[in-house]
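These are my notebook entries on one structure. I wrote down what I looked up, in the order in which I looked.

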Amino acid sequence: MRKPVIFCDFDGTITINDNIVAIMKHFQPPGWDKLVERIVGREISIKEGVGSLFSLLPSSSKAEIVDYAVNACQIRPGFGELLDYCRRHDIEFYVTSGGIDFFVYSALAPFAIAPDHIYCNAGNFEGEQVLIEWPHPCDEHCHNHCGMCKTTIIRRFPRDQYKRILIGDSVTDFEGAKLADLVFARSHLIGLCEQLALPFYPFETFFDIIAKLEEQPNER
Ligand code: MG
Ligand code: ZN
């Protein structure tokens with residue numbers, strides 16, 4: 001039998017909003033909106049874009065930035081229940097986030113997820129400007145300059161041993177969705193899956209996902 005494993009995005013998936021955009025909208029460093037346009041238009045990679053966005057912010061504002069980001073993270077309903085469901089049914093659960101450690105770990109602190117099951121980027125406030133570090137880069141199979149590479153992580157769980165389940169909301173989840181056996185999508189990821197005729201279940205809350213998981217055939 002294949003063991004189920006879930007790869008769950010953070011921004012716009014576990015949380016209601018996109019936290020990087022929320023931080024930029026709040027602090028308004030000059031040039032941030034142009035950079036976001038270039039990321040969305042895929043003129044620059046996620047890695048280059050996110051790194052450049054944070055380099056617009058001075059490290060001296062660390063306390064304000066962390067405080068704002070942590071408070072801005074609103075968790076989507078049913079997340080705790082999905083984690084309970086996974087524990088009861090022996091489903092491995094990983095957070096695969098292109099977000100930054102200082103808000104990802106704080107927002108997830110109440111949920112008792114093992115730290116090595118959370119993948120994200122790291123914020124370094126030691127220099128003049130905020131520097132983003134990338135501990136989980138693309139492997140030799142990915143050339144997208146993801147920053148935090150979701151497909152690299154998914155590939156560590158071979159398809160013949162694992163039933164790979166992806167939960168996500170946007171373009172950064174699309175390559176992972178192509179590798180998954182089961183996709184739960186909301187927002188932009190729905191349109192992307194439709195374009196490629198990739199099967200998916202739409203969701204708004206994690207209760208929708210629990211309901212669908214209950215219906216899945218048991219592969220044992
Ligand atoms: Mg997202
Ligand atoms: Zn990659």
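Is valine 171 buried, partly exposed or exposed? I found valine 171 partly exposed, at a relative accessible area of 39%. The scale I used calls a residue buried under 20% relative accessible area, exposed over 50%, and partly exposed in between, with a 1.4 Å probe and protein chains only.

Before going on, I noted the ground rules. This is a predicted model, in which local features need pLDDT of at least 70 and side-chain atom pairs count only at pLDDT 80 or more, while totals for chains, interfaces and linings use all residues. Residues are numbered from 1 along each chain as its sequence is written, chains are lettered from A and ligands numbered from 1 in the order in which they are written, and side-chain values use heavy atoms, with hydrogens and water left out.

**Entry: around valine 171**

I placed valine 171 in the loop between E5 and H9. Helices (H or I, at least four residues) and strands (E, at least two) are DSSP runs, numbered from the N terminus. I then looked at histidine 188, which is 17 residues from valine 171 in sequence and 6.8 Å away in space, C-alpha to C-alpha.

**Entry: the largest pocket**

A pocket is an open set of points on a 1 Å grid over the protein atoms alone, where a 1.4 Å probe fits, with protein on both sides within 12 Å along at least five of seven lines; lining residues have an atom within 4 Å of a point. I noted about 1,200 Å³ of space in the largest pocket, the volume being the space filled by probe spheres set on the points.

**Entry: the magnesium ion**

Which residues are the protein donors of the magnesium ion (ligand 1)? I found Asp9 (OD), Asp11 (O) and Asp169 (OD), at 2.1 to 2.2 Å from the ion. Donors are N, O and S atoms within 2.8 Å of the metal (3.2 Å for Na, K and Ca); water is not among the atoms, so sites may look incomplete. I wrote the spacing of the donor residues in sequence as D-x1-D-x157-D. Aspartate 9 is buried at 4% relative accessible area, and aspartate 11 is buried at 9%.

**Entry: the sheet**

I read an open sheet of seven strands in the order E4-E3-E2-E1-E5-E6-E7, with mixed pairing. Two strands pair if DSSP finds at least two bridges between them. Strand E4 (131-133) and strand E7 (201-202) are at the edges with a single partner strand each, so one side of each has no neighbour in the sheet.

I followed E1 next. Five of the six residues of strand E1 (residues 3-8) are buried, so the rest of the structure largely encloses this strand. E1 runs parallel to E5, joined by six bridges, and phenylalanine 7 is opposite leucine 166 in E5.

**Entry: cysteines**

How many disulfides are there? I counted zero, a disulfide being a pair of cysteine sulfur atoms within 2.5 Å. For cysteine 86, the closest cysteine sulfur is in cysteine 8, and at 9.0 Å it is too far for a bond.
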